[in-house]
Amino acid sequence: MQASYENLALASRKFADDVLGSLSAGQRLESAEVFKSLAASLAQDSERWAALQQRYYQRHLELWTNIAARADATRAATAAPPAPVAVPDQGDRRFQSREWRELPFFDYLKQAYLINSRWLAEVVEAVQLDAPAKHKLRFFTRQLVEAAAPANFPATNPDVLKLASETRGESLLRGLENLNEDCRKGRISTTDESAFEVGRNIAVTPGAVVYENELMQLIQYRPVTDSVYERPLVMVPPCINKYYILDLQPENSFVHYAVTQGHTVFMVSWRNVSADMGRITWDQYLEQGVIKALEVARGICGVRQINALGFCVGGTLLAAALAVLRAKRRNLAASVTYLTTMLDFSDAGDISVYIDEAYVSQREKDFAHGGVLQGKELALTFSSLRPNDLIWNYVVNNYLKGRKPEAFDLLYWNSDSTNLPGAMFVYYVRNTYLENNLRVPGKLSNCGVRVDLSKIKLPTFVLASREDHIVPWKSAYRTTRLVGGNIEFVLAASGHIAGVINPPSANRRYYWRNAGLPADADDWFAGAGKYPGSWWSCWSEWLAGHGGARVAARTELGGARYPATESAPGRYVKQRCD
């Protein structure tokens, strides 16, 4: 028996080396080295490897015994079938249909897959690697495991076979048609894109473009209340996607909500840059984008200060711009709101596995003479952070079952990506994700001055989302240690987008508040109160305290110096990467 286990261990080790080697193929050298370290670590700790292997084979032996006992129970018709050896995790939607449970072949495939995937996870955790290498190994192993699920292949998915039989193969034909269509697009369809049109039923809050340059248009929205707060609110969205994540349909539009609360709202609409704009820099995004937007809004409303809001990368840009203004002794903002924003990139989550010195150095060479980072590349990167939900779910639905995805405004926005200037992109990833320089006082020089986030002493509202896979909430919490002023930190339920876009009218989810700001995020959460519904309401109450006096609503948009030129949403937002 011992000799058999040793032979099986050798064969399994070769299999693991082959599989893990294929997973690292095509990745950067650092990723390949991670998998070499795995093999070396396993060789150095043979006892742990043997224990892992023995548990693995024992589980498969239990599964075979279970299948045989199940067949006996079926023949007897009186005995209860044995309990499964491996069951899917709660919330795993891949194996929901009854065939995965009731048909022995598919039940076996499911359980064998779960045993194998959990064994791989145990192997990964057993290796002795430094934290970044372990993180990378976990991530790429998960990519392999989720890609290899039997639900992702037509011959091993009972739902696909059943539908193909019922439709006499028409579902498979439609799936090929969907695949050809997506190949032409260069991306996987995740929503019915024919259901939405920017300016028709999405991004429809009334307003006008009141300023534009080569980098952005600034939209001013029409007031709906008789009086408004004297200080306007300027929103800086992420430049990786379009601004209308904050202005979807009227019932879930954050812009519309802010307007109904009596705020004069301005929105930065970033341009989808073309190839000739590849030399645009980070500093230009600050000067011609964020700072210019603040200045125009202030001039139109005739006030000394405005309120500012940044979302995701838009929040990072906003913080850097405010630090520049502070260094130049210009106080344009009365308050600032950061929505799911990272300023300290110590723990950047799964996206950090893609960003290392080799990657950044190569992209710096790629963009040394201009060029743009294609939006499709960014979109695929972000989708890979949640492959089951954003990749394989649609592979099965669209190509194996031949169905069209349902209409969903959030996913329509998600598919409407934008290109970024190469020069700006490589500066951003090096100084945030790779070297984390923005958080170090005086380390970076932007727009001719040293930036120091601690000098931004403003009333600050920081929102994080508890299940955010792009901006981990504890990373967002670190903002409370970087900036000055009175800070309100609120934690929303759900993820990066759904946690933010949660209107009070929906009466969904929860949020957490704690007036204290201990150094440790877990301590903050332990003392936080849980409140039902949307965080929008508490943010609105907070912002009202910084809006200034109420004044009569302006009947005309823009002004003599900044006349309205075209109706919202403007033409920049309609430029697509397709």
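Helix 8 (residues 170-185) packs against helix 14 at an angle of about 120 degrees, and their axes are 6 Å apart. The two helices are therefore oblique to each other. On the helix 8 side you'll find L172, G175, L176, N178, L179 and D182, and they meet N398, Y399 and L400 in helix 14. Sorted by class, the residues of this contact come out as five nonpolar, three polar and one charged.

Before going on, keep in mind that this is a predicted model. The pLDDT averages 90 over the protein, and 92% of the residues score at least 70. Residues 1-29 are another story: the pLDDT there is below 50, though the stretch still has 33 contacts in the model beyond near neighbours in sequence.

The crossing of helix 6 and helix 14 is right-handed. Here Q143, E146 and A147 from helix 6 meet P387, N388 and W392 from helix 14. That contact has three nonpolar, two polar and one charged residues.

Then there's helix 10 with helix 11, which pack at an angle of about 80 degrees with axes 9 Å apart. That angle makes helix 10 roughly perpendicular to helix 11. Helix 10 brings W282, Y285, L286, V290, I291 and L294 to the contact, while helix 11 brings T316, L317, L318, A320, A321, L322, V324 and L325. By class, this contact has 13 nonpolar residues, one polar and no charged ones.

| Helix pair | Angle | Axes apart |
|---|---|---|
| Helix 8 and helix 14 | about 120 degrees | 6 Å |
| Helix 10 and helix 11 | about 80 degrees | 9 Å |

**The sheet and what lies on it**

An open sheet is built from 11 strands in the order 15-14-13-12-7-6-4-5-2-1-17, with mixed pairing. Strand 15 (529-532) and strand 17 (566-567) sit at the edges with a single partner strand each, so one side of each has no neighbour in the sheet.

Strand 4 (residues 233-236) and strand 6 (residues 306-311) run in the parallel sense, paired over four bridges. One of the bridge partners is N307 in strand 6, which goes with L233.

Helix 20 (residues 536-544) packs on the sheet and touches strand 4, strand 6, strand 7 (333-339), strand 12 (460-465), strand 13 (487-492) and strand 14 (510-513). The direction of helix 20 makes about 165 degrees with that of strand 7. Helix 10 (residues 282-301), the partner of helix 11 above, lies across strand 1 (207-212), strand 2 (216-221), strand 4, strand 5 (265-270) and strand 6. Helix 10 runs at about 30 degrees to strand 2.

**Two backbone details**

C312 sits in the loop between strand 6 and helix 11 (313-327). Phi of C312 is near 60 degrees, a positive value in a residue other than glycine.

The other spot is in the segment after strand 17, where you'll find P569. A cis peptide bond joins A568 and P569, with omega at about 15 degrees.

Note on methods:
Residues numbered from 1 in each chain as written. Predicted model: local features only at pLDDT ≥ 70, side-chain atom pairs only at ≥ 80, totals over all residues. Heavy atoms only, no water. pLDDT = per-residue confidence, 0-100. Contact = heavy atoms within 4.5 Å. Left-handed = near helix turned anticlockwise from the far one by under 90°. Nonpolar A, V, L, I, M, F, W, Y, C, P; charged D, E, K, R; others polar. Axes fitted to C-alpha atoms, helices over the stretch in contact; angles between N-to-C directions. Parallel < 35°, antiparallel > 145°, perpendicular 65-115°, else oblique. Pairing = 2+ DSSP bridges.
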